[in-house]
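Please consult the sequence and the structure shown below.

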Amino acid sequence: MKSSVKQKLVRGYFLILAAIFCFTCATAVAAEDFYAGKVITLIVGVPGGSGGDVAARTVAKGLQEKIPGNPNIIVKNLEGAGGFNALNFIYEKADPDGLTLYYGNWGGIKALEGKKQIRFKPEDFEVIGSGANNRWTIYRTDINGKKINSLDDLKKAKPLILGGRAARNINDLVGNLALKILGVDFTYVPGYRGMAKIAPAIYSSEVHCAHTASGGFMRFFQETTEKGETQMLYYHPFFDLDGNQVKVQEDVNFPNNPPSLLDLYKQAYGKEPSGKYWDTYVWLRSNIHNVSPAMIAPPETPEDLVTILRDSLDATMNDTTFREQWRKQFDAVMYWNPADISV
């Protein structure tokens with residue numbers, strides 16, 4: 001009798017294990033098949049046609065081919081409040097079902113400040129991945145009737161008006177710091193909703209310069225730069241953990257070969273930059289600017305779907321064909337961070 005009971009218990013134990021195993025396998029298979037026939041909405045916090053919008057659509061096309069099941073990915077523009085309307089939407093209203101994602105800058109500075117319009121907590125998001133686009137400051141080569149060919153010319157251009165998005169927008173914050181480091185006096189005019197709005201203002205001399213990433217440059221300023229109507233002042237360098245400049249890789253082709261901010265400063269002043277502006281610049285460039293743009297999912301998105309999305313996005317960004325297409329489109333290759341160091 002006791003033996004019979006024991007046999008039943010052992011048999012029951014193995015049946016439970018088998019059931020758990022089958023359930024686990026079924027869940028894994030279901031997760032792999034989850035995206036087949038589905039539609040993913042990728043929210044972008046900039047206007048349609050802007051550099052960030054073009055980049056998001058390029059990523060969406062590549063990602064669609066890498067996600068198991070090849071779901072359709074549509075891009076929806078939800079601009080406003082410097083991109084925070086989109087982030088608030090992802091945090092508050094988007095379903096955590098793996099079908100709504102965000103791509104773009106993630107507003108780390110304002111989140112740290114606790115601004116009222118920030119209703120999200122960055123640490124609650126599910127991070128799919130992040131990267132760093134090449135970024136520059138672009139300026140007109142004729143300002144107030146004077147020809148501008150150098151940093152000295154730009155420092156003498158008065159008034160110099162810079163068009164931007166918002167004072168704490170990371171692109172503008174880092175770019176404005178760079179100009180302060182270089183000793184350029186300028187009047188900053190925020191409120192432009194992305195490069196699609198800033199570019200026409202530069203064309204018409206409403207503003208004279210702005211900060212742009214590779215997508216914005218290729219979309220709006222490649223032709224004017226080739227004609228000599230606009231020019232890059234410098235590019236933002238990357239830094240290692242010790243704060244030393246990392247040289248640009250060979251697969252990046254900067255139009256007109258501008259120097260890095262560090263090299264331009266040394267050329268102009270014959271010494272290394274230092275002080276609070278420089279220290280702040282290096283910190284922001286390394287810790288905030290270097291993880292923008294980011295792709296994120298709403299809080300509590302299932303872990304198995306997050307894993308699929310992370311693996312698929314990493315595969316996209318490391319795909320040789322995709323990287324070559326990106327380089328041809330934006331004249332540079334995005335520096336991509338693995339998901340575990342993206343925030």
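Of the 343 residues of the chain, 49% count as buried, where buried means under 20% relative accessible area, exposed over 50% and partly exposed in between (1.4 Å probe, protein chains only). The model is predicted, so local features need pLDDT of at least 70 and side-chain atom pairs count only at pLDDT 80 or more, while totals for chains, interfaces and linings use all residues. Residues are numbered from 1 along each chain as its sequence is written, and side-chain values use heavy atoms, with hydrogens and water left out.

**Overall fold**

- The chain contains 13 helices and 15 strands; these are DSSP runs numbered from the N terminus (helices H or I, at least four residues; strands E, at least two).
- Contacts are heavy atoms within 4.5 Å; of those in the chain with a separation of 6 or more, 77% come from residues 24 or more positions apart.

**Helix α6**

- Helix α6 (residues 170-182) has 13 residues and should span 18 Å at 1.5 Å a residue, which agrees with its end C-alpha atoms being 18 Å apart; the expected span is 1.5 Å times one less than the number of residues.
- Of the 13 residues of α6, 11 are buried, among them V174, G175 and A178.
- At the start of α6, a side-chain oxygen of N169 comes within 2.9 Å of the backbone nitrogen of N171.
- After α6 comes G183, with a positive phi near 85°.

- H236 lies in the loop between β11 (230-235) and β12 (238-239).
- H236 counts as buried because its relative accessibility is 2%.
- The side chains of H236 and Y281 are joined by a polar contact of 2.7 Å; such a contact is a pair of N or O atoms within 3.5 Å, and within protein one must be able to donate a hydrogen and the other to accept it, with residues adjacent in sequence counting only if both atoms are side-chain atoms.
- Leaving aside residues up to four places away in sequence, H236 touches R135, W136, V174, G175, A178, Y281, R285 and H289.

**Strand β11**

- In β11, 5 of the 6 residues are buried.
- β11 pairs with β5 (residues 135-140) in the antiparallel sense over 5 bridges; two strands pair if DSSP finds at least two bridges between them.
- T230 in β11 stands opposite R140.
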